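Here is a friendly walk through a two-chain model, meant to be read with the structure open beside you. Please have a look at it first.

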Amino acid sequence: MSLKGKRILIAKPGLDGHDVGAKVIALALRDAGAEVIYTGLRKSAEYIAKVAVDEDVDVVGLSMLSGSHMELVNETMRCLKEYDAGDIKIFVGGTIPEKDREALLNAGACGVYTSEMPLEDVLSDIERQLQ
Amino acid sequence: MSDSAPQNRTPPIPEPRTASGIEIPELVTPDMLQHPDPGRPGRPPYTRGIFPNGYRGRLWTFRQYSGFGTAENTNERYRFLLESGQTGLSVALDLPTQCGYDPIDPMARSEVGKVGVSLSNLAEAEILFDGIDLGGISTSFTINGTAAIIYAMYCAVADKQGVPREKLTGTIQNDILKEYVARGTWIFPVRPSLRLISDTILFSNRETPRFNPISIAGAHVRDAGATAVEELGYTLANGLAYVEELIRRGGDATRFANRLSFFFYVHMDFFEEICKFRAARRLWASLLEERFDITDPKAQRLRFGVVCGGSSLTAAQPYNNIVRVGLEAMSATLGGAQSVFTCAYDEAFQIPTEFSAEIALRTQQILAYESGISKTVDPLGGSYYVEWLTDRMEEETRRVIEEIDDYGGVVKAIEDGYLQARIAERAHERKQKVDRGDTVIVGQNYFRRDDQTDDFGEVFKVDPQASERVQEKYQRLLAERDPARVERTLKALEKAAGQDDENLLPYLIDCCHAYATVGEMVATLKSQWGEFQEPIRL
């Protein structure tokens, strides 16, 4: 599997401070050849969208464990559209209840990944989304 | 999923290594022990426990973490828990309160009341503890970045209830160093944060002498990826840094060391966890003596609470978590914990329902009253394996602490992002081991069923209007309080924050009494100290 040449932003929107998942996925994406940018904690949707545009990324991964994922995903999408960058895809990781997975996909997320999925499956799904 | 995926195989016989990687001998014999006689409980170095009679005088505290939505919602849950036999409160606060944002702040709005209760000012705290006598209950707050403020608010509620401050018992976590490493609710740069923590400890030693003004926590670095040995090493290293700072501030070492408390995780390696606690007590007593010449026996005691659950819980076949938490609580009590929080089986994924919260509490009651664990002190003391592994845990932990010393201390290791990067690597390794099937997680990577779902049954829903109601109450407060008093107390706080030798707690308590908000107090301190700049290192 290769994500060579792909630029990926891993972001922590909202106030949640659990960054293990974000860092693990960032390390795994980097090992798979992607260029990974990590925002650090507590970033606004506005900031994340701006970095995504400035860094010309292919996809943004949002990591959230505080239960605010619906609001924060919608907000990030809105900000990306404002930057005329609605084509940048978003995937979501974190503590996402089964029932919200569908809702996030319907809202336009290209993938929803939880900590129990094998990294290999997550990476190949991201790769497929970026083809 | 391929045929070689772990769930389609039978797991191999477990490797003879602890979860931290310590090689386990096939048989431990008495000649392999460094401490064949672990000494007596209630005496330094406390390997067998800090009380001579173990749990016979007093059982551990059953302390279930709880809080969500509005202060009214949470007050109701507390009354339910107290009526069900819980013996201490443990307050979960929402992220805006933890990070210092008021509920109407744009950064905060989507997080109000989600992972804990919103507590932005004294009026909310009065509702939270309505009908609960603060003189008769101990309350623990998992709060760090804004710990000094929440503690000030608790003192102010006590003042309002007419409870003398010296009667207050409980704990604030107030351990900022590990927030930079793992949990992420830091606000200010490291050095002024250390000052604020010292202020709180020194003030509390004087005004609320029965209160624990810090709970030095390994739980979160562990959950983030550290091994049991690293958890203990990082935690004790942080503890040493606080002691150093308190001595620098002129604190009375015997007095403050007496009120330091600790908080650890319990994971699934049953014996390693028990030995971790035994090693922790012995090592802490030794380190205080070696490094600071603290030899008062009471001050050398390591008192600790634990959390059972967290990242060892799985969404896959979630009812298995009840068994996991039961085993972990056994490790904790065989290891001599002072307070235990047993996670509900759904707790790693949602706010527990009353049903799941009750099972978690019953688990402790079964251990305390049916299992017999509490009937003699340190029942495993003298077991060849337990004594051997306690020695090995102590040795390995010393190595971790020395490594941090060699790096230049924890503050530098945090400011550089060194510890953060280490933990991320560990988490990555841990995940790879699970994916490969080297680590067995029943129901997740082995022993799955084709028809299994990650369904928890009943789902707890936070009151959807909670955020709105909190914001309404907040607006009402702004209209009703005395703005001149708010301004005066915040100004005084600002001035005091600029003077290094001034203790900020009296100023914070004044602000609370004036109904200044958490966000306002934090903004005032930020104006003097700035904010922590997170080192991004992958």
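Predicted model: local features only at pLDDT ≥ 70, side-chain atom pairs only at ≥ 80, totals over all residues.

Residues are numbered from 1 along each chain as its sequence is written, and chains are lettered from A and ligands numbered from 1 in the order in which they are written.

**The two chains**

Helices (H or I, at least four residues) and strands (E, at least two) are DSSP runs, numbered from the N terminus. A residue is buried if 20 or more other C-beta atoms lie within 10 Å of its own, exposed if 12 or fewer, and partly exposed in between, with C-beta atoms placed from the backbone.

| Property | Chain A | Chain B |
|---|---|---|
| Helices and strands | five helices and five strands | 19 helices and 10 strands |
| Span of the C-alpha trace along principal axes | about 30 × 30 × 25 Å | about 70 × 60 × 50 Å |
| Buried residues | 53% of the 131 residues | 54% of the 538 residues |

From the N terminus on, chain A runs β-α-β-α-β-α-β-α-β-α. For chain B, with 538 residues, the rule gives a value near 24 Å, and the chain has 23 Å, which agrees.

An unreviewed UniProt entry annotates residues 5–131 of chain A as "domain: B12-binding". UniProt positions are given in the numbering used here, feature names are shortened, and annotations may be inferred rather than shown by experiment. The end C-alpha atoms of this span lie 12 Å apart, and the span is 44% helix and 19% strand.

**Helix α3 of chain A**

Helix α3 (residues 69–82) of chain A has 14 residues, which should span 20 Å at 1.5 Å a residue; its end C-alpha atoms are 20 Å apart, which agrees. The expected span is 1.5 Å times one less than the number of residues. Among the buried residues of α3(A) are A:Leu72, A:Val73, A:Thr76 and A:Leu80. The buried residues of this helix pack against α2 (45–54), β3 (59–64), β4 (89–94) and α4 (98–106) of chain A. After α3(A) comes A:Asp84, whose phi is positive, near 60°.

**Where the chains meet**

Two residues are in contact if their C-beta atoms, placed from the backbone, lie within 7 Å. The contact takes 31 residues from chain A and 30 residues from chain B. On the side of chain A that touches chain B, α1(A) gives the largest share, seven residues. That side divides into 12 nonpolar, 10 polar and nine charged residues. Here Ala, Val, Leu, Ile, Met, Phe, Trp, Tyr, Cys and Pro count as nonpolar, Asp, Glu, Lys and Arg as charged, and the others, Gly among them, as polar.

**The largest nonpolar core**

A nonpolar core is a set of buried Ala, Val, Leu, Ile, Met, Phe, Trp, Tyr and Cys residues joined through C-beta atoms within 7 Å. The largest has 201 residues, and those touching the most other members include A:Leu29, B:Ala152 and B:Leu508. Helix α4 (residues 147–161) of chain B gives the most to this core, with 12 residues. Not counting residues up to four places away in sequence, B:Leu508 touches B:Ala148, B:Ile149, B:Ala152, B:Leu493 and B:Met521.

Definitions and conventions:
Rg over C-alpha atoms; globule rule 2.2 N^0.38 Å.
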